[in-house]
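Please read them with the structure open beside you.

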Amino acid sequence: MKCSKCGQENKHEAKFCTKCGNPLSAPAGGVSENGSGIDSKYIIIALIVVILLLVGVIGYFALNSGSGVGDASSQSSADSDKVQSDDNSGDSSDSNSDSSKKTTESSSDSSKKTSEKSSSSESKSKKWVSIGSYSGSGSGSKTIKVPEGKIKVELSAHPILNYATNHLYVSGTNGESGGVDWGPKSPVETRSDSFKFTSDSEEEFTIDYYETVSWEVEFFRYQ
């Protein structure tokens with residue numbers, strides 16, 4: 001410790017100067033040059049620095065935490081909006097799909113009903129209508145004109161009681177034909193026959209009959 005009077009360096013623990021005897025006292029601040037006052041000053045500064053660093057770190061994390069919460073909130077809101085949008089889109093798609101399905105089913109049912117109605121109407125409106133009936137007995141032939149269309153021919157005859165070759169034949173210029181006949185030993189009984197054809201033009205048919213008690217030929221057209 002340096003004497004404040006003569007400047008003599010003395011031991012740290014000395015209370016009086018070894019040169020001039022002047023009482024030694026601690027320098028201003030209450031400690032010597034190598035005392036703890038300087039250490040205390042550095043400690044205080046270090047504590048202040050540490051405190052400032054802690055405050056900075058806490059503030060940094062607080063700001064990041066707030067930003068994260070905001071981002072999470074924004075993300076959550078965006079996800080919610082997306083889910084709601086997807087739900088609305090799904091509902092709209094389902095609604096459109098259901099509407100399209102109902103429209104298709106309605107159209108299909110309508111077409112089916114129309115087809116059934118048309119078929120039923122056609123079935124009711126069209127039938128076999130007689131367009132000519134011919135009959136007679138004995139032997140002979142007859143030529144008639146048959147109009148175009150879907151034609152059906154029904155014929156029947158009863159033979160004379162003998163052993164001749166009795167018959168009734170109906171044949172057309174278009175190659176369509178039908179008929180009945182009996183041999184010399186056939187039972188004497190009424191026989192019948194029928195045939196159908198479709199023609200785009202008028203046809204000529206010949207009715208040929210031989211040794212009959214009675215015969216009948218009738219023409220029908222589907223109309």
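1. Two strands are taken to pair if DSSP finds at least two bridges between them. The model is predicted, and in it the bridge partner of Lys145 in strand β6 is Glu204. This bridge can be read alongside the pairing of strand β1 (residues 128-146) with strand β6 (residues 203-222), which run antiparallel and are joined by 16 bridges.

2. Strand β6 also pairs with strand β2 (residues 149-159), and here nine bridges join the two strands, which again run antiparallel. For Ile151, the bridge partner in β6 is Arg221.

3. A further partner of β6 is β3, to which six bridges join it in an antiparallel arrangement. Strand β3 covers residues 166-172 and includes His167, and the residue that stands opposite His167 in β6 is Tyr210.

4. Is His167 buried or exposed? Its relative accessible area is 12%, and because buried means under 20%, His167 counts as buried.

5. The surroundings of His167 deserve a look in the viewer. Leaving aside residues up to four places away in sequence, His167 touches Val180, Asp181 and Trp182, and also Asp208, Tyr209, Tyr210 and Thr212. One of these residues, Asp208, makes a polar contact through its side chain with the side chain of His167, at 2.7 Å. Tyr210, which is also among the residues that His167 touches, is the residue standing opposite His167 in β6.

Notes. Residues are numbered from 1 along each chain as its sequence is written. This is a predicted model: local features need pLDDT of at least 70, side-chain atom pairs count only at pLDDT 80 or more; totals for chains, interfaces and linings use all residues. Side-chain values use heavy atoms; hydrogens and water are left out. Helices (H or I, at least four residues) and strands (E, at least two) are DSSP runs, numbered from the N terminus. Buried means under 20% relative accessible area, exposed over 50%, partly exposed in between (1.4 Å probe, protein chains only). A polar contact is a pair of N or O atoms within 3.5 Å; within protein, one must be able to donate a hydrogen and the other to accept it, and residues adjacent in sequence count only if both atoms are side-chain atoms. Contact means heavy atoms within 4.5 Å.
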